[in-house]
Amino acid sequence: MTVRLPVRPLDADEFRPFGRVIKSPRRDHDASGPGWRWWAETVMLPTDGRPFGVGYLELQPAGLQFDWAERHMRTVEAIVPLGDECLVYVGPPDHPEQPARLADLNTFGVFRVPPGMGVALDPGVWHGAPLALDRATRAMVLILEGTGKHDVTIVRFEDAPVMIDRPGP
């Protein structure tokens, strides 16, 4: 049976089981000057002592489906679109005692992340590379040093890819 998932708008309450939404704060700014305003520490990204690295993704439209997911049991990962919007698929951090045990694909969610916003994924949350919709785009990824070598579990399900319903305008 094929799993089909709708695309949901990015909402802090809806996204909370997977992490936090990065967005323009709804509070007074901390500092300002001619042509700029600054809000400090809008989302905290915990660390285990390793420094954060800044990764760069180039995304091309390649179909609205996914057939793999990964997770990091000790690492927060932040994804911020730099150009056009992107889709981020996520699954709950179920079965932390069995890192390779994939959450039920029906419990995954797909969120539309507009430019100017982002997401910070909690440790253990299943996810994959963001997906471009109709245009090429880019994204910045903040991730702790060494995560790809020492804190990653990848599960592939090529025989049963998850289909994503095309979002409306």
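Okay, ground rules. What we have is a predicted model, where local features need pLDDT of at least 70, side-chain atom pairs count only at pLDDT 80 or more, and totals for chains, interfaces and linings use all residues. Residues are numbered from 1 along each chain as its sequence is written, and side-chain values use heavy atoms, with hydrogens and water left out.

Let's start with the pocket. Rolling a probe the size of a water molecule over the atoms shows where empty space is left. Here that is done on a 1 Å grid over the protein atoms alone: a pocket is an open set of points where a 1.4 Å probe fits, with protein on both sides within 12 Å along at least five of seven lines, and lining residues have an atom within 4 Å of a point. Volume means the space filled by probe spheres set on the points, with grid points joined across faces, edges and corners. On that basis the largest pocket holds about 390 Å³.

Who lines it? There are 18 lining residues, and Ile22, Lys23, Trp39, Thr42 and Val43 lie nearest the centre. By type, that's 12 nonpolar, three polar and three charged, where Ala, Val, Leu, Ile, Met, Phe, Trp, Tyr, Cys and Pro count as nonpolar, Asp, Glu, Lys and Arg as charged, and the others, Gly among them, as polar. Strands S5 (36-38), S9 (77-81) and S15 (137-144) each put at least two residues into the lining. Strands are DSSP E runs of at least two residues, helices are H or I runs of at least four, and both are numbered from the N terminus.

Five of its five residues are buried, so S9 is largely enclosed by the rest of the structure; buried means under 20% relative accessible area, with a 1.4 Å probe and protein chains only. Glu77, Ile79 and Pro81 point one way, Ala78 and Val80 the other.

S9 runs antiparallel to S12 (residues 118-121) over three bridges, with Ala78 opposite Ala120. Five bridges join S9 to S15, also antiparallel, and there Pro81 faces Ala139.

Elsewhere, three strands make an open sheet of mixed pairing, ordered S1-S17-S7. S1 (4-5) and S7 (65-66) are the edges, each pairing on one side only. S1 and S17 (residues 162-164) run parallel, joined by two bridges.

Now the rings. The whole structure has six aromatic pairs, meaning Phe, Tyr or Trp rings (six-membered ring for Trp) with centres within 6.5 Å; planes under 30 degrees apart are stacked, over 60 edge-to-face, the rest tilted. Phe18 and Phe111 are edge-to-face, at 6.0 Å centre to centre and 65° between the planes. Phe18 sits in the loop between H1 (12-15) and S3 (19-22) and Phe111 in S11 (residues 109-113), so the pair ties together parts 93 residues apart in sequence. Phe18 is buried at 5%, Phe111 at 0%.

Last one: Pro130, in the loop between S13 (126-127) and S14 (131-132). Pro130 is buried too, at 7% relative accessibility.

How values were computed: Buried < 20%, exposed > 50% of the residue type's maximum accessible area, 1.4 Å probe, protein only. Pairing = 2+ DSSP bridges.
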